[in-house]
Amino acid sequence: MNEISELAAKEVVSIMKDPDLAPWKRVSEEWRRLDVEGPYRIAVQKYDLNGVMYQLMRDDSREALNLNCQGCHVSFVRWIMTVIFRGERREGKGNDSGAFGHLDPSRCRSYLKRFDDAFEVWWKASLVTVTMFLDPRIARRDANRYAAMRMARDVASAWTMALTDPKISKAIFLKKTNNGERKKNIQRVEKMLTELGKTINIFWNAPNDLDTDHYVEAHMVQVGGMVHLRCQEYGIKLKSNTVELLGLNGRHQAMFLRVVVPFAKAKIVKGGILTNAENESMFKEVECDELRQTFFSDRGSNNSATRI
């Protein structure tokens, strides 16, 4: 068994980091061989899997947009979050539908400990992936947009899973000092919110029909709500409040505080995604029919203050 695990770890990491392979050949179903803990642990301990993922996500930040503009449908961060970091793995047993509702906190924290800027690299690659389907060079061809949008949906949804998990959240918002105490990572959170606000603004200024059902935008706004709540939970006092850092005002601000934050709280309390019935119940609870109807109204305007 150890020899099999060793071989799986070595072969998968070799594929992931092989510079001679085209980007789309470096992501494959072979990654799922690391579903099982034995090969995964060996990959981390002996073949620096976390370091390899860090480099892949750095590559995403620099190259993913151009690659997808050329029709190369690849996002390393999407594969990392939905394969390596995913929870509810089948552990190599039977068929896997691909559906899951959690990320694995131990794997995420293992990665975050590898480098001081491991989170920043992960976050930047994610923001590139969630917005690149809106780029006109990709959006003008439906096949390219659909492929890029699917990657964006996976990453946006996975981030709501990450911030629902208390262990992953603590690893992001609180950093351990040399004496083992946890220190509030205020600078990281402020930068995270500022960059998230810029990302959300990209959706507000994009053509209305690109983000089907506004799925990606809604999930990224939900991420903002979860950050807001985690800051309250951990007593993180920012120089500017969450709403200001996100660049929200007017009806955007009202929607965020009256709807997004309660929904984010419900997910955090549950510890996972809400069912359709739970979503409908929440809408009734927050009593936001008017705001709900106009949530995505007046899109395409350059004045974000006029839109929800």
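## Asp48 and the α2–α3 loop

Asp48 is located in the loop that joins α2 (37-47) to α3; helices here are DSSP runs of H or I with at least four residues, numbered from the N terminus. The phi of Asp48 is near 50°, a positive value in a residue other than glycine. Its relative accessibility of 29% makes Asp48 partly exposed, a class lying between buried (under 20% relative accessible area) and exposed (over 50%), with a 1.4 Å probe and protein chains only.

## Basis of the model

The model is predicted: local features need pLDDT of at least 70 and side-chain atom pairs pLDDT 80 or more, while totals for chains, interfaces and linings use all residues. Residues are numbered from 1 along each chain as its sequence is written, and side-chain values use heavy atoms, leaving out hydrogens and water.

## Asp213

Asp213 occupies the loop between α10 (186-204) and α11 (215-234). Its phi is positive, about 60°, although Asp213 is not a glycine. With 65% relative accessibility, Asp213 counts as exposed.

## Aromatic pairs

The structure holds 11 aromatic pairs, defined for rings of Phe, Tyr and Trp (its six-membered ring) by centres within 6.5 Å; planes under 30 degrees apart are stacked, over 60 edge-to-face and the rest tilted. One of them, Phe133 with Phe203, is tilted, at 6.1 Å centre to centre and 55° between the planes. Phe133 belongs to the loop between α6 (118-131) and α7 (136-139) and Phe203 to helix α10, so this pair ties together parts 70 residues apart in sequence. Both Phe133 and Phe203 are buried.

Ring pairs also link Phe85, Tyr111, Phe119, Trp122, Trp123 and Trp159 into a cluster.

Conventions. Helix = DSSP H or I, 4+ residues; strand = E, 2+ residues; numbered from the N terminus.
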